[in-house]
Amino acid sequence: MTDNMSSVLGTGPLSMKYRLFLITFFLIMSFPCISRGDDPSIKWKEIRTDHFNIIFPLKYVKTAQKMAVITEQTHQLVASHMGWAPSTKTTVILTPYTDSANGWATTYFRNTVNVYLTDPGDFSELNQFDDWLWLLFLHEYTHIIHMDTSGLLPSIINSIIGKVWVPNSIQPSFVLEGMAIFSESRFSGAGRNQSSIYDMYMRSSVYDNRIYTLAEISNSISKYPRGLLPYLYGSRFIKFISNRYSPLKIKHLSAAYGSQNIPFGLNKSAVKSYGKSFEVLYSEFVKYIDSKYKRQISAIKSRGLIRGKRLTYTGEYKYYPSWNPSNSAEIALIDNDGITPSSLKILTLNKSRNKVISKKIIDAPVYEGGWPRWHHGKIFFHKLAYFNTVYNYLDLYRVKPGKKPTRLTEGKRLASVTVSPDGKSVAAVRHNGTNHDLVLLGTDYSVKKVLKKSGLYYTVIFSPDSNYLAYSSHKNASRIIQLYNLKTAKTIDLPSLGRMNIHPAFSPDGKFIFFSADGADIYNIYRYEIGSGKIKQITNVIAGAFMPSVSPDGKKLLYMGYSVKGYDLFVMDLKEENFLSSWSSLYEKPLSMLPELKINPLKYNSYNFLKYMFPVLWTADYGYSMADTFSVSAMGYDPLEHHIWSLDASWSDILNTAEIYGSWSYNRLKFPISFEFYYGHYNRGDFFVNDHWNTYRWHYTQATLSSVFPLQRDFGSNFSAFTNLNLYRGIFNEEMPVILPDTMLPRHPDSYYSSTIKAGAYYFNATSSSGGLDWENGYYLYTSIEGRYRGSYDTYDALIRAEAMLRRKIPIGDHTVVTVKFQIGRGINTDYPVFSIGNSAKNSGLSWKPWSLSNYLSGFSDYQKTGESYYTSQAYVTFPLDVSKGGFSTVPVFLRRLSFKFFASMGNAFNSLDVTDEQLISAGGELRFQLVQGYGAFTDFILGISKGFGEHGETMYYFSLGSPLPEDYFYKFFLKGRN
C-alpha cells in the first residue's frame with residue numbers, strides 16, 4: 001500500500017529473440033526479468049468463492065477462510081460504490097515472505113491482489129485500522145475495480161489479445177490512491193482518512209505555508225515526502241470533493257476516464273463528472289484545508305505552545321530516541337534522513353544536553369527498525385533481515401558502539417526486544433502473520449514463555465524494578481497502553497486520551513509512564529502517574545510529538561517532533577509547572593464500521609498451476625519485431641509465478657527466414673531455472689564455389705538451460721552464482737555443384753555443433769539514501785568463465801572475464817558520488833579477436849549470456865581495437881540536483897531531477913599480454929534530465945560530449961533517451977500493481 005511486470009513474464013532470465021510487443025509504452029518498458037526463487041517446502045492451497053480465487057500456504061488456512069468472507073463482503077460494498085463489477089474472478093494471494101505490511105493490486109493480464117501476511121508496525125502511516133486484512137483488502141480491491149473499469153474499445157482489444165489496455169492505470173497516483181484510501185475510511189471507520197498522522201501532515205503543510213501544487217502531487221517528486229505525497233493529498237482531495245459533490249461522483253470519474261480511448265485527458269473526465277476541471281476543484285480544496293487547519297492551529301495556540309528545543313534539522317524519518325542509562329550524553333535512534341542510509345545512529349550531546357556535537361552510524365541499512373534498548377553499554381534492537389535467501393523477517397540484533405552488530409535470531413520473527421534492568425529477563429514480540437504473541441526469551445533468544453497470545457502488541461519496555469512490562473496494544477479499533485504484571489500475570493489498561501495511545505516509556509524512578517496519544521486528533525506527550533492515576537499533558541505542539549524517552553536523571557525528555565520537512569529530535573526540561581491538564585478530543589471519531597464476519601470452515605484444494613497456464617497474451621505483427629517479418633507471440637504464467645512460458649513464431653518470405661522460439665521458467669525452487677529453445681533457418685552467403693559467393697539456407701537448433709544460485713542475501717548485499725549451458729547445431733544442406741576448371745578453390749561451410757557452458761558469480765554490497773540517484777557507497781564484483789567445445793572440429797576455447805566497481809560519496813553536496821569501474825577479459829585458445837573496445841560493445845559469440853559486459857570506451861569509433869584480451873577502466877563523478885515541481889498542472893511530463901556527470905576512460909584490446917601499447921584515453925561529460933512521463937514512467941534524457949585523445953580519437957556529441965532505473969523498477973512500482 002505504500003517489495004517485475006517482468007516477473008509476471010518470468011523470474012528466470014528469459015531472453016525472447018523478439019520481445020512480445022504490447023500496445024502501451026509502459027508494458028513494453030517492463031520486460032527485462034530479474035531472477036528470484038521460492039521456498040519449495042510451502043504447501044500451497046486454494047479456496048474458490050463466487051468472485052475470488054484465494055491462494056495461500058496451508059499454514060495460514062484459518063486466515064484464508066477469513067479472507068474468503070472479507071473478499072465477498074468487500075466485493076458487494078466496493079462494486080456498488082465504484083459502479084463496476086469485474087467480469088472475471090480476482091486472484092488473491094496470501095504471501096508469507098515478509099514482515100513488512102503491504103499489498104499490491106494489478107489488472108494487467110489477470111486481476112490479482114497480493115496480501116502480505118503481517119500487520120503494520122508500531123509507527124506506520126497504516127496503523128489506524130480496525131481489522132488489518134479488512135482495511136488492506138478494501139484498499140487493494142478498490143484499485144482492482146477502478147483499473148478494471150474500461151470502455152468498449154479497450155474491452156474488445158483486451159478480449160482478443162489479453163488484458164493489456166488498462167486506461168485507469170494511466171492516471172496520476174493521487175487519483176488512484178485517493179480513491180482507494182477513500183474506501184478505507186468509508187467502509188471501515190478507520191483508515192488514513194481518519195488518521196491523526198495524516199491530519200498532522202496536512203496541518204504542518206498549512207502551518208509552514210507549504211501546500212503542494214497540483215503539479216507536484218501529480219508528479220513523483222524526489223524530495224520529502226516523495227512517494228507519500230499522492231497518498232496524503234489524494235486521500236484528502238478525493239474525500240473533499242466526495243463530501244462536497246457526493247460520493248456517487250467517484251463512479252462517474254472512474255467510468256469517464258476509463259472510457260477514454262486517448263489517455264491523459266484528466267480534466268476532461270473531471271468536467272464530465274463534476275462540471276469542473278481538476279484545477280478548479282483543487283483550488284477549492286486548498287482553500288478548504290487552509291481554513292480548516294488554521295482554525296485547528298489557532299485552538300492549539302490558545303492553550304500556549306509547549307515544545308522542546310530542536311536537536312536535529314535534517315527531517316525525513318527518525319524513530320525511537322533512547323537515552324543511554326549509563327551515559328546521558330549518548331542517544332541511540334533509527335534515522336533515515338535522506339542523506340545517509342537508514343541506520344542505527346548514536347548522537348552525542350554536549351554537557352547541557354541541548355546540542356548534538358557528533359553523529360555516528362552504528363548499523364546500516366536498517367529497515368523497519370525497532371526501538372533501541374540499552375543494557376550495560378550494548379544496544380538491542382530489531383530490523384528486517386533476509387532468512388533462507390527467500391524471506392525477509394524481523395529479527396533481533398545486539399551491538400556495542402564501535403563494534404559490528406551481532407545477529408541474535410534468524411527467521412524467528414521477533415521484534416520489540418527489551419532487557420530487564422536486573423538483567424534476568426528478555427521480553428519481545430513474536431509475529432505470527434496477522435497477530436502477535438508477547439513472550440519471554442531464554443539466554444539463546446528462543447521463546448521460553450508466552451505471556452499473552454494472539455493479540456497485536458508494540459514497543460514493549462520493562463519497568464525500572466523489572467516487575468512490569470508496558471506496551472501498546474491494539475484493541476477495539478484503537479491502541480491502548482497496558483501494564484502486564486510479571487508476578488501475577490494480570491493486565492491493567494491505562495486510560496485512553498485519544499484513539500491512538502502509543503510509545504510507553506517509564507521514568508527512571510518508575511513512578512510515571514510517558515506516552516504519546518492523539519487526544520484532540522493531535523499527537524502529544526502525556527504522563528500517567530501510576531500511584532494516583534493522574535494524567536498531565538507534557539507537550540502542546542502544532543504538528544505532533546511521539547516516542548518519549550526520559551533522561552537517566554529524570555530531568556529531561558526526548559521526543560520526535562514533526563515539521564513539513566519530516567521528523568526531528570527534540571529535548572525539553574521536565575518542569576511540573578509547565579504541564580497542562582489533559583485535553584479532551586475536539587472531534588468525535590466514527591466507531592468502527594467493520595461488518596460482522598461469520599467465518600465458516602470452507603473447503604480448500606491443492607493449488608494446481610495448470611488451471612492458470614492458458615495464454616494471457618497473444619500478439620501478432622508485421623514489420624514491428626523485424627522488418628518484412630510476420631510474428632505471432634503468446635505467453636502465460638500461473639499466479640505464483642512458479643511457471644512462466646512464452647512462444648514466438650516468425651516468418652518472412654522476403655528474407656527467407658523462419659524461427660520458432662519457446663521459453664519456460666521454473667521458480668518453485670530457491671534457485672530459478674530457465675529453458676529456451678530456438679529452431680529456424682535463414683540465408684547465409686559464405687558458400688564460395690566457381691568464383692562466386694552463393695546464398696544458401698542455414699538451419700539451426702539451439703537450446704539454453706540457465707540458473708542462478710543465491711548464496712547470501714541481505715538488504716544491500718547479494719552473493720550469487722550462476723550457470724548456463726548452451727547447445728547449438730547448425731546444418732548445411734546444399735549439394736556441391738560441379739566445380740568448373742580454372743576457378744579458385746571452393747570454400748564449403750560445414751555443418752557443426754557446439755556446446756558452451758558458462759559459470760560465474762557476483763557480489764554486491766552497497767548502501768544508499770532515499771535522496772540518492774543510485775547506490776552511493778559500496779562495491780560490485782563479477783567474474784565468469786565461459787568454455788566452448790566445437791564438436792565438428794574437436795576444438796576448445798574459453799573466455800574469462802571480471803568486473804569491479806567501487807562507489808563512494810564525497811563531501812560535495814549531499815549526494816555527489818565518485819565511481820571507479822574496471823573490466824578485464826582474456827580469451828584462451830582463441831585464434832581470432834573475441835573482444836573489442838570503442839564506442840559500442842562487441843559481445844562474445846560463444847553463447848548467450850545472462851549478463852553482457854559491454855567494453856565501452858567513448859570518444860572512439862566502433863570496434864576501434866580488437867583482440868583476444870581487453871581491459872577498460874572508467875572513473876566518473878555524478879552531481880545530482882533536486883527539482884521539486886518540474887511540471888505544469890496535470891500535464892503528464894515532469895522534470896524530476898537534474899544531474900551532471902564528468903568521466904574519464906582508458907582501455908585497450910590486444911593479442912599479447914603487453915597492455916602498454918597504444919592506450920585509448922577519453923574524457924567527457926553528460927547533462928542528465930530525469931523525466932516522469934505518463935505519471936509513472938521514469939526516463940533519462942541525456943546530452944553528452946566525449947573526447948577521445950590520440951591519433952584515432954574523435955569528439956562526439958550525443959543524446960539518448962532511456963530508463964536509468966534497475967530492470968525491475970516498472971515491475972515493482974507500476975505494472976506489479978498499485979500499493
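Select helix 9 (residues 228–245): at 1.5 Å a residue its 18 residues should span 26 Å, and the end C-alpha atoms are 26 Å apart, which agrees. That expected span is 1.5 Å times one less than the number of residues. Helices here are DSSP runs of H or I with at least four residues, strands are runs of E with at least two, and both are numbered from the N terminus.

Before you move on, know that this is a predicted model, where local features need pLDDT of at least 70, side-chain atom pairs count only at pLDDT 80 or more, and totals for chains, interfaces and linings use all residues. Residues are numbered from 1 along each chain as its sequence is written, and side-chain values use heavy atoms, with hydrogens and water left out.

Because 15 of its 18 residues are buried, the helix is largely enclosed by the rest of the structure. (Buried means under 20% relative accessible area, exposed over 50%, and partly exposed in between, with a 1.4 Å probe and protein chains only.) Just past the helix, pick Ser246, which takes a positive phi of about 90°. Then step back to Pro225, in the loop between helix 8 (214–218) and helix 9. The peptide bond from Tyr224 to Pro225 is cis, with omega near 10°.

Most residues other than glycine have a negative phi, and most peptide bonds are trans. Jump to Pro365, in the loop between strand 10 (356–363) and strand 11 (373–375): the bond leading from Ala364 to Pro365 is cis, with omega near -5°.

Next, select Glu316, in the loop between strand 6 (309–310) and strand 7 (317–324). Its phi is positive, near 65°, and Glu316 counts as buried at 8% relative accessibility. Now try Asp691, in the loop between strand 36 and strand 37 (692–714). Phi of Asp691 is near 65° too, but at 36% relative accessibility this residue counts as partly exposed.

While you're there, look at strand 36 (residues 673–689) and pick Glu676. Glu676 is buried, with 2% relative accessible area. Which side chain does Glu676 join in a polar contact? Tyr661, at 2.7 Å. (A polar contact is a pair of N or O atoms within 3.5 Å; within protein, one must be able to donate a hydrogen and the other to accept it, and residues adjacent in sequence count only if both atoms are side-chain atoms.)

Two strands pair if DSSP finds at least two bridges between them. Strand 26 (residues 535–537) is joined to strand 30 by two bridges, and Lys536 has Ser581 as its bridge partner.

**Salt bridges to finish**

A salt bridge is a side-chain nitrogen of Lys or Arg within 4 Å of a carboxyl oxygen of Asp or Glu, and the count is 31. Select Arg353 and Asp553, whose closest N and O atoms are 2.8 Å apart. Arg353 lies in the loop between strand 9 (343–349) and strand 10, and Asp553 in the loop between strand 27 (545–550) and strand 28 (556–563), so the pair ties together parts that are 200 residues apart in sequence. Arg353 is buried at 10%, whereas Asp553 is partly exposed at 40%.
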